[in-house]
Amino acid sequence: MSDEHWYEDETGSMVRPYTVTRGRTRPSGAHAIDLMSQVGAVEIDAPGPDIDHARAALLDLIRRGRRPVAELAADADLPLTVLRVLLGDLAEAGLIRIDAPRRSPAGGPAADPELLREIVERLREI
């Protein structure tokens, strides 16, 4: 049990996700937020704009290091839809940067059929 989220572990979420997003189901702005998009905090010298608790908690998590959206959703224990809306808000405020996922080059090691067969065989052994 985490000290930060004891109330949610014991009773479930006390705040419904749609209240956190103010009823929105899609991020504002033109941010393409893929599961593997990399999210990182933008370093600013001046104090940032006022943000509510949910966005501030997410920003603190992002400041611990760049990571993909899927990992952030797991670490923040938020539904992906809610996370995308909050990330869009933070990006609009200029507090984070969302980069498109890196694609492996065609013909690289990720596209090697022999390597993929070996991975499948090793997974079957588990």
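In the predicted model, Val39 stands opposite Ile98 in strand E3. Residues are numbered from 1 along each chain as its sequence is written, and side-chain values rest on heavy atoms, with hydrogens and water left out. Because the model is predicted, local features need a pLDDT of at least 70 and side-chain atom pairs count only at pLDDT 80 or more, whereas totals for chains, interfaces and linings use all residues.

Strand E1 (residues 38–41) and strand E3 (residues 96–99) pair in the antiparallel sense over four bridges. Two strands are said to pair if DSSP finds at least two bridges between them. Strands (E, at least two residues) and helices (H or I, at least four) are DSSP runs, numbered from the N terminus. E1 also pairs with strand E2 (residues 67–68), again in the antiparallel sense, over two bridges. In this second pairing, Val39 has Arg67 of E2 as its bridge partner, and Gln38 has Pro68 of E2.

The three strands form an open sheet in the order E2-E1-E3, with antiparallel pairing. E2 and E3 stand at the edges with a single partner strand each, so one side of each is left without a neighbour in the sheet. Helix H3 (residues 53–63) packs on this sheet and touches E1, E2 and E3, and its direction makes about 100° with that of E1. Such directions are taken from axes, which are lines fitted to C-alpha atoms, for helices over the stretch in contact, and angles run from 0 to 180 degrees between N-to-C directions. Touching, or contact, means heavy atoms within 4.5 Å.

Within the chain as a whole there are six helices and three strands. From the N terminus on, these elements run α-α-β-α-β-α-α-β-α. Of the 126 residues in the chain, 25% are buried. Buried means under 20% relative accessible area, exposed means over 50%, and partly exposed lies in between (1.4 Å probe, protein chains only). Among contacts in the chain with a separation of 6 or more, 75% involve residues 24 or more positions apart.

Leaving out residues up to four places away in sequence, Ala41 touches Ile62, Arg63, Leu95 and Ile96. The C-alpha atoms of Ala41 and Arg97 are separated by 6.1 Å, although these residues are 56 residues apart along the chain. His53, found in helix H3, counts as exposed at 63% relative accessibility. Its C-alpha atom is separated by 9.3 Å from that of Val20, 33 residues away along the chain.

A further contact joins two helices. The axes of helix H4 (residues 69–76) and helix H5 (residues 80–92) come within 10 Å and cross at roughly 110°. H4 is therefore roughly perpendicular to H5. Angles of 65 to 115 degrees count as roughly perpendicular, those under 35 as roughly parallel, those over 145 as roughly antiparallel, and the rest as oblique. Val69, Leu72 and Ala73 of H4 meet Leu80, Leu83 and Leu87 of H5. The residues of this contact divide into six nonpolar, no polar and no charged. In this classification, Ala, Val, Leu, Ile, Met, Phe, Trp, Tyr, Cys and Pro count as nonpolar, Asp, Glu, Lys and Arg as charged, and the others, Gly among them, as polar.

Helix H5 also contains Asp89, which is buried, with a relative accessible area of 15%. Apart from its neighbours within four places in sequence, Asp89 is in contact with Arg24, Ser28 and Arg55. The side chains of Asp89 and Arg55 are joined by a polar contact of 2.8 Å. A polar contact is a pair of N or O atoms within 3.5 Å; within protein, one must be able to donate a hydrogen and the other to accept it, and residues adjacent in sequence count only if both atoms are side-chain atoms.

Two loop residues remain to be described. Most residues other than glycine have a negative phi. Arg22, in the loop between helix H2 (17–20) and E1, has a positive phi of about 60° although it is not a glycine. Asp77, in the loop between H4 and H5, likewise has a positive phi, of about 55°, without being a glycine. Arg22 is exposed, with a relative accessible area of 57%, and Asp77 is exposed, with 59%.
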